[in-house]
Amino acid sequence: MTTHWMVVSHGTAQAAARLCLQLEGVIDRVHLICTAPGEADHAAQELRARNSATTEVHDCGDNPGYLPSAARIFATLPDLPELLVISNADLELVHCDIHALLMAAGAPGVLMLAPQIHEPDGNDQNPHLLRAPKATKLAVLAALFSSTAVANLISAVRKSNRSRQLPASAPRSEGVPMFASHGSCLVFSREYFTLGGEIDYPFFLFGEELWCGSEVARLGGSIRYTRALAVQHHAHASTGSGARYGRVAASKGATSRYWGWGEGRRRLDRVGR
């Protein structure tokens with residue numbers, strides 16, 4: 001059984017190399033996907049300096065985005081992996097029981113897993129969405145992010161390094177089902193792909209969890225919480241401060257309109273809310 005982990009870096013080669021080194025020896029094939037111009041060379045130098053043994057560096061310097069970059073590399077794999085993880089580079093591995101992870105991914109009907117994703121203050125970002133968001137909520141978000149200028153303003157006043165706090169009562173026992181897992185670390189079972197699940201999300205960034213959640217619902221499978229994998233997430237480290245403006249803010253606007261007003265809304269309606 002082959003396991004793959006794709007670390008997608010947006011100009012954070014040092015952090016990405018550190019995560020890849022943590023994964024070596026735990027995951028069969030580690031891929032570092034570099035999306036900034038010239039980043040792949042820098043990342044390769046970082047890995048050589050740290051005596052990396054197995055990490056494969058991929059150059060996507062034209063920066064197609066988070067899931068689009070992973071989809072491009074996934075298409076080159078000769079065989080379907082038993083388990084595929086796609087993650088941001090701003091993570092640190094806390095623990096991984098690979099046997100338990102594979103067992104959880106191989107359970108009947110499980111197409112994705114939602115690992116523990118801890119922020120520095122201990123907040124676990126999973127379960128992310130226990131159910132699909134209401135259409136009215138997404139429509140309001142689409143209105144708020146209706147222009148890049150508005151998205152920039154919201155980014156400027158938002159606490160850049162804090163994700164939403166889940167209630168303490170949120171269920172976090174092994175196997176808890178949910179509509180969508182947090183997008184910073186997406187774990188796919190082999191069955192997700194054998195049933196025709198897609199990861200070629202049509203946007204640069206944001207909304208990946210809704211895409212994957214609606215794919216799992218379309219395929220009739222489930223997403224389950226697991227303690228077999230835990231990471232620490234330095235949230236927004238690759239899209240924080242000034243980096244959140246410009247293309248990042250524009251993508252936030254485009255994806256908000258897609259899920260609030262466009263085909264994404266109809267996609268969620270088709271699988272039920």
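Predicted model: local features only at pLDDT ≥ 70, side-chain atom pairs only at ≥ 80, totals over all residues.
Contact here means heavy atoms within 4.5 Å.

**Serine 189.** Serine 189 counts as buried because its relative accessibility is 3%, under the 20% cut-off. Leaving aside neighbours within four places in sequence, I get contacts from serine 189 to Glu82, Ala105, Val110 and Leu111.

**β2 and β3.** Next I checked how strand β2 (residues 29-34) and strand β3 (residues 56-59) pair: parallel, over four bridges. Leucine 32 has valine 57 as its bridge partner in β3. With helix α2 (residues 39-49), the two strands make a right-handed β-α-β unit.

**Salt bridges.** I count eight in the structure. One of them joins glutamate 56 and arginine 29 through their side chains, at 2.9 Å, N to O. That pair links distant parts of the chain, β3 to β2, 27 residues apart. Glutamate 56 is partly exposed at 25% relative accessible area, and arginine 29 is partly exposed at 27%.

Which residues are linked in a network with Glu215? Arg218 and Arg267 are. Glutamate 215 and arginine 218 both lie in helix α8, three residues apart, about one turn. Glutamate 215 is buried at 2%, while arginine 218 is partly exposed at 47%.

**Surface patch.** Last, I noted a nonpolar patch of Val140, Leu141 and Leu144, with about 240 Å² accessible together. Leucine 141 is in helix α5 and counts as partly exposed at 32% relative accessibility.

Methods: Residues numbered from 1 in each chain as written. Heavy atoms only, no water. Pairing = 2+ DSSP bridges. Right-handed = clockwise from strand over helix to strand, strands pointing away. Buried < 20%, exposed > 50% of the residue type's maximum accessible area, 1.4 Å probe, protein only. Patch = residues over 30% accessible without salt bridge, like charges linked within 9 Å, V, L, I, M, F, W, Y side chains within 5 Å. Areas by Shrake-Rupley, 256 points an atom, 1.4 Å probe, with all protein chains shown as cover. Salt bridge = Lys/Arg side-chain N within 4 Å of Asp/Glu carboxyl O.
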